[in-house]
Amino acid sequence: MKYLCEQCDTVMNFIGALGPDEGYAREGSMRVTFACPRCEWRISMLTNAQETQLVKSLGVTLGGRKAPASPLELVHTSLVEKSEPVLHPAVAGNSPSPDHPLKASITWTEEAETRLKNVPPMLVKMVRKVVENYAIENGYSVIDVEVIDKAKNKIGMT
Amino acid sequence: MRDQSDIVGQVTEQMARVNARMAKVRHKVAVMSGKGGVGKSVVAANLALAFAIKDYRVGILDADLNGPAVGKMLGVEGLPWQIGHDGVRPVTSPLGIKVMSIDFLLPDEQTPVRWQGPKGSDFVWRGAMEQSAIREFLSDVDWGTLDLLLFDLAAGTHQLPNLAQLVPDLRGVVMVTIPSEISQRVVRKSMAFVREHGVPIIGLVENMSTFVCAECGHEIPLFNSSQPRPSSKGGRGKIAEDLKVPLLGKIPFDPKISQCSDKGIPLLMEHLNTPAGKAFMQIAERIEEYFQ
């Protein structure tokens, strides 16, 4: 949006914006100020509630950001109904890291290896990884047929 | 008075955060369709698994804010969202796929997305809010290093311009359709729209193309406009030919696809060797050829 200083026939410059709780701009309005570069005449526009919300929806803080944004700040603060986040454990994740100490010591029984032969060759690597991740999460160092079945149950496979 | 809000500066900083995250992702691909109900999310979820089977590090962003489905299809529905050292951690599915969806931020599966704001006028700002939500999912989620990030877009074309601005090196769009005349009319419009925005079209996926009898293997077309099966060299069907885009593959209708999705396991994991399973793998191979 631009404004024209009719007296000077000059396009006014944007000077700044104040948030809805500052200066004259209250009651949900945002104050946006322009000035003529020649005569220095000033004009301030006060936005309506919808326009203020539109600007807020960009994820910017009116009046300036005083602290870094928290993750998903806009989405989380704007949802009417929402769940709260939990802190992620510093090391472990939903799936164990590839260099988990237990990973190196995991062994497969002969029977479990035989069971893997029923899996399409293209899927073997992934199935192996899924089962090993399950074993690590649940503290197994030996993978037998029972662990395979438990891993399958956990991810809902029949 | 000075510009205390520095809105331009804040937006610039937001974009810098998106760029930093996306720089660690090798291929970014949008899965979209002109019309709803063509199985776009099923295709996206199974493509994610197909690439994971190929040993890609895969993430998927469920950008369908008002109808999220990917979390359920990949077996991670109802899990809490977690904050780590470097932003929100995507939920890793049991099959190793990183998933982010607005579903994780909602209290339960029945609750729709409702935004705070002036009542009765949300049409003014809802679009901006949804665009910002996608931007935050890109900038604030710790995707880490990925070989492929899939964006499961909402039906229609409205999200693509925003995504193309946020992710300028988007490798392209996989367009999903079904062989009904109505869906194909809409997909033509969508493709024209995608091209106008300078985004490459990787190819077309025809979902629910035929029905394969489980007893005898006989294949029956489900719609009048089913296209010829693509040749091994990537031949084109009618619409793909008209629009000069590759037909990536045709996925036959198979009740097992929806049964698996309901269980939270992509079809490929349990039925890799079915015609539908093979079709998903073929589509992934064609996309991989496109990458190369």
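1. The lining of the largest cavity divides into three nonpolar, no polar and three charged residues, where Ala, Val, Leu, Ile, Met, Phe, Trp, Tyr, Cys and Pro count as nonpolar, Asp, Glu, Lys and Arg as charged, and the others, Gly among them, as polar. The residues concerned are Lys125(A), Met126(A), Lys129(A), Ala52(B), Ile53(B) and Asp55(B). About 40 Å³ of space lies in this cavity, and a search of the whole structure finds one cavity of 30 Å³ or more. A cavity here is a set of points, on a 1 Å grid over the protein atoms alone, where a 1.4 Å probe fits but cannot get out, and lining residues have an atom within 4 Å of a point; the volume is the space filled by probe spheres set on the points, which are joined across faces, edges and corners.

2. The model is predicted, so that local features need pLDDT of at least 70 and side-chain atom pairs count only at pLDDT 80 or more, whereas totals for chains, interfaces and linings use all residues. Residues are numbered from 1 along each chain as its sequence is written, chains are lettered from A and ligands numbered from 1 in the order in which they are written, and side-chain values use heavy atoms, with hydrogens and water left out.

3. The contact between the chains, meaning heavy atoms within 4.5 Å, takes 61 residues from chain B and 61 residues from chain A. The area buried between them is about 5200 Å², of which carbon and sulfur atoms give 63%; buried area is the accessible area (1.4 Å probe) that two parts lose on being put together, summed over both.

4. Across this interface the rule finds two salt bridges, a salt bridge being a side-chain nitrogen of Lys or Arg within 4 Å of a carboxyl oxygen of Asp or Glu. The side chains of Arg114(B) and Glu81(A) meet in a salt bridge at 2.5 Å, N to O.

5. Over all chains the count comes to 19 salt bridges. Within chain A, the side chains of Asp149(A) and Arg115(A) meet in a salt bridge at 3.0 Å, N to O. Asp149(A) lies in helix H6 (residues 145–154) and Arg115(A) in helix H4 (residues 110–116) of chain A, so the pair ties together parts that are 34 residues apart in sequence. Helices are DSSP runs (H or I, at least four residues), numbered from the N terminus.

6. The second largest pocket has a volume of about 410 Å³, a pocket being an open set with protein on both sides within 12 Å along at least five of seven lines. Of the 23 residues that line this pocket, Lys56(A), Gly59(A), Val60(A), Thr61(A) and Leu74(A) are the closest to its centre. By class, the lining has six nonpolar, 10 polar and seven charged residues. Helices H1 (49–56) and H2 (73–78) of chain A, together with H1 (7–22) and H4 (122–139) of chain B, each supply at least two residues of the lining.
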